[in-house]
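Thank you all for coming.

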Amino acid sequence: MRGVAVALAADQGAGSGVAKVRHMSDRTIAWIFIAPTIVLLLAINIFPLLWTVYLSFTNFKANRPSRVVEWVGTRNYERILGSEDVWEYLQATAHFVGWTMFFQVVLGFGLAWLINRQFRGHAIWTTIIVLPMMLSPAVVGVFWTYLFQPQAGIFNYIVNFFIDAGDFTMIGDVDLAPWAIVLVDTWMWTPFVMLICLAGLRSIPDYIYEAAEVDRASQWRQFWTITLPMVMPFLMLAVLFRGIENFKMFDMVVELTSGGPGSTTELASINLKRAAFEKWKTGYSSAFAVILFVTVFGVANIYVKVLNKVKQR
Amino acid sequence: MHSLKKGVFAAALIAALAMFSGGAAKAQGELTLCWAAWDPANALRELSKDFTAESGVKMNFEFVPWTNFADRFLNELNSRGKLCDLMIGDSQWLGTAATEGHYVKLNDFFDKEGIDINSFLPATVYAYSTWPKGTPNYWVLPAMGDALGWIYRKDWFSKPELQAEFKQKNGYDLGVPKNWDQLMDIGKFFQGREIDGKKRYGLAIYTERGSEGITMGVTSAMYAWGMRYDDPKNPYHMEGFLNSADTVEALEFYKELYDCCTPPGHSDAYMVANLDAYKSGQVAVQMNWFAFMPGIYKDEDVGGEKSGFFVNPAQKVEASTLGGQGISVVSYSDKRDLALQYIKWFAQDEVQKKWWSLGGYSASRAVLDDPNFPNTAPFAADFLKAMNGVKDFWQEPAYADLLLSMQKRVHDYVVAGKGTAKEALDKLIKDWTETFEEEGLL
């Protein structure tokens with residue numbers, strides 16, 4: 001690094017500037033190079049975060065700048081953590097995140113395992129399977145509302161073809177709506193988990209299986225002792241990505257149910273958006289955002305530590 | 001060569017002059033009007049051609065679908081944007097728009113131009129123009145009077161076999177309901193009935209969760225039961241008013257209507273969903289704004305004599321939910337004078353008459369007080385009746401907060417079936433009290 005700096009300085013001729021550069025330490029030059037990035041990071045990441053934390057202790061409303069802003073201490077946090085409604089939104093979020101993770105991991109791994117067998121036409125099937133994840137979540141939300149339409153939608157028709165379910169409405173029923181959003185998200189994002197698992201499966205060297213065959217290990221034994229442990233880091237990575245994504249899920253669910261019926265599918269992120277940009281309770285929503293951030297950050301950190309341990313095994 | 005240089009120079013000069021003079025004219029001679037994308041907006045576009053012909057001012061329009069209307073334009077106002085010179089915004093925005101200085105106050109302009117605000121229907125002036133409410137501080141010119149009404153399949157109601165069956169079942173003639181009980185009878189009668197070989201349903205009512213739909217729907221029942229938001233002697237104190245026995249009964253009734261008489265899956269429906277359900281022949285009756293009635297009347301499938309219209313039925317009192325909007329000058333516009341010129345033109349009696357004839361709902365008394373007005377359209381008399389008994393939601397600067405709380409509480413009860421009507425209204429009072437306390441009103 002020092003050599004490059006000296007060469008650059010020498011190219012530009014002698015002078016006081018050159019002398020200054022020549023006396024700069026490697027560390028100083030390194031700082032000069034990374035300073036723009038750090039400034040940018042502070043401006044668009046760290047400052048907004050700190051500002052949000054500050055706002056969370058006020059009654060600020062962004063749509064009413066002329067209103068007096070008061071320091072309200074921890075009142076916003078107390079209201080959020082003491083609100084039954086907020087706990088319901090968090091429960092709805094946990095239901096959504098938990099079940100989508102479960103189905104996507106099971107189905108994604110299953111599909112990857114099938115595709116990895118490299119049957120005839122597996123390439124075209126891979127392309128077909130990954131199509132849903134190439135669509136916009138908002139578009140997916142809109143067209144599934146048509147599929148779920150009780151009179152004209154194909155979903156009810158298919159269900160009634162197999163079982164006599166009669167008139168039912170997936171997104172208008174309190175019991176079914178939470179499963180409707182799980183179903184659509186699983187349909188859309190299982191291919192993503194499948195691709196990551198496929199990468200994991202293909203990274204397992206053949207000789208390990210060959211050695212197991214020599215030792216007369218059964219297919220079942222091979223699966224539990226070779227395939228699953230070696231794919232596990234990939235699977236956990238997929239769960240991490242999907243978990244973070246689904247914790248902040250907004251667009252698809254809003255298009256599909258608007259958070260209804262009632263507040264049955266009102267996920268934490270939907271409620272946060274409503275509080276921040278429809279009710280314009282900026283202070284309150286900042287506190288809610290901080291709580292969600294800390295939750296995701298904390299859980300993700302623990303998860304990453306576990307992931308690293310699994311990788312080291 | 002010398003003359004060629006001269007020619008090129010002259011041509012460049014002319015081109016530059018044309019460019020700059022054109023640019024200047026464009027900046028001075030254009031206005032942008034922002035509103036929702038719906039039939040009346042198209043009528044206004046047509047009407048505004050006369051303004052352009054008279055003044056030479058080119059009109060641009062920014063029409064946004066209803067689903068994004070409030071979000072889009074409230075953000076525009078909050079960010080002090082210059083996109084809109086003229087805004088036709090919801091009545092509920094008025095509190096924020098006036099206190100935050102989004103709209104230009106029109107009192108001086110009215111005085112200077114001799115515009116008499118009393119030449120507009122008093123209910124619309126009160127609801128659309130004044131802030132603080134009822135004071136002579138005018139921010140808006142009433143542009144589009146509207147109220148929530150009902151549209152029914154007159155052709156189905158006229159079928160002799162259905163009339164006979166209905167009378168036998170309910171003991172009175174099938175026709176325009178006189179109260180909400182009769183409305184429910186009609187809903188139940190048509191629910192699941194086969195007409196012309198197709199399965200039909202009773203009523204398409206508002207149930208939308210995201211914006212304002214279900215609130216507009218349930219308040220049309222609550223107002224008919226005589227609901228008041230708060231104590232008239234003790235403003236913002238709602239206990240015993242918002243959760244009175246009558247209001248609880250109205251909310252229970254609305255839920256019963258939803259459970260008994262709506263098509264399957266009608267759990268998140270507002271204006272367009274109701275129009276679709278009606279036009280596709282799914283339902284016998286739809287709840288919708290008067291603004292849609294001219295479009296229904298002209299519709300190829302359900303228009304003309306196939307459809308009838310009626311005002312919100314009374315239960316204990318005659319009252320309708322207020323819709324509609326007024327026109328304002330956006331204070332961040334660089335063309336405020338030109339925008340005021342448009343308002344002056346729009347306020348004229350002749351323009352208002354043409355506005356009504358094109359499908360816009362004028363609130364001008366020059367139009368509405370005309371003895372012939374009730375005969376000008378099949379829904380005109382009902383519109384007049386509705387506008388004389390309209391009630392509006394809160395218009396406080398914190399209206400969005402109040403509205404979304406109500407959306408949640410009533411949707412939780414009506415559609416999700418959570419708790420009782422009394423519990424829903426008690427929770428709503430708690431939410432609203434918290435909001436009013438934050439606003440320093442309690």
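Predicted model: local features only at pLDDT ≥ 70, side-chain atom pairs only at ≥ 80, totals over all residues.

**Where the chains meet**

Let me begin with the contact between the chains, where 21 residues of chain B are in contact with 23 residues of chain A, contact being defined as C-beta atoms, placed from the backbone, that lie within 7 Å. On the side of chain B that touches chain A, the largest share, six residues, comes from helix H18 of chain B, residues 399-414; helices here are DSSP runs of H or I with at least four residues, strands are runs of E with at least two, and both are numbered from the N terminus. That side of chain B divides into six nonpolar, seven polar and eight charged residues, where Ala, Val, Leu, Ile, Met, Phe, Trp, Tyr, Cys and Pro count as nonpolar, Asp, Glu, Lys and Arg as charged, and the others, Gly among them, as polar.

Residues are numbered from 1 along each chain as its sequence is written, and chains are lettered from A and ligands numbered from 1 in the order in which they are written.

To stay with H18(B) for a moment, 16 of its 16 residues are buried, so this helix is largely enclosed by the rest of the structure; buried means 20 or more other C-beta atoms within 10 Å of a residue's own, exposed means 12 or fewer, and partly exposed lies in between, with C-beta atoms placed from the backbone.

Turning to the domains, chain B is assigned domain 1 (31-146 + 323-391) and domain 2 (147-321 + 395-438), with bounds from an automatic or database domain assignment. Between these two domains of chain B, 29 residues of domain 1 are in contact with 27 residues of domain 2, and H17(B) gives the most to the domain 1 side, with five residues.

Finally, the backbone. Most residues other than glycine have a negative phi, and most peptide bonds are trans. A:Ser258 is found in the loop between H12 and H13 of chain A, has a positive phi near 55°, and counts as buried, with 24 C-beta neighbours inside 10 Å.
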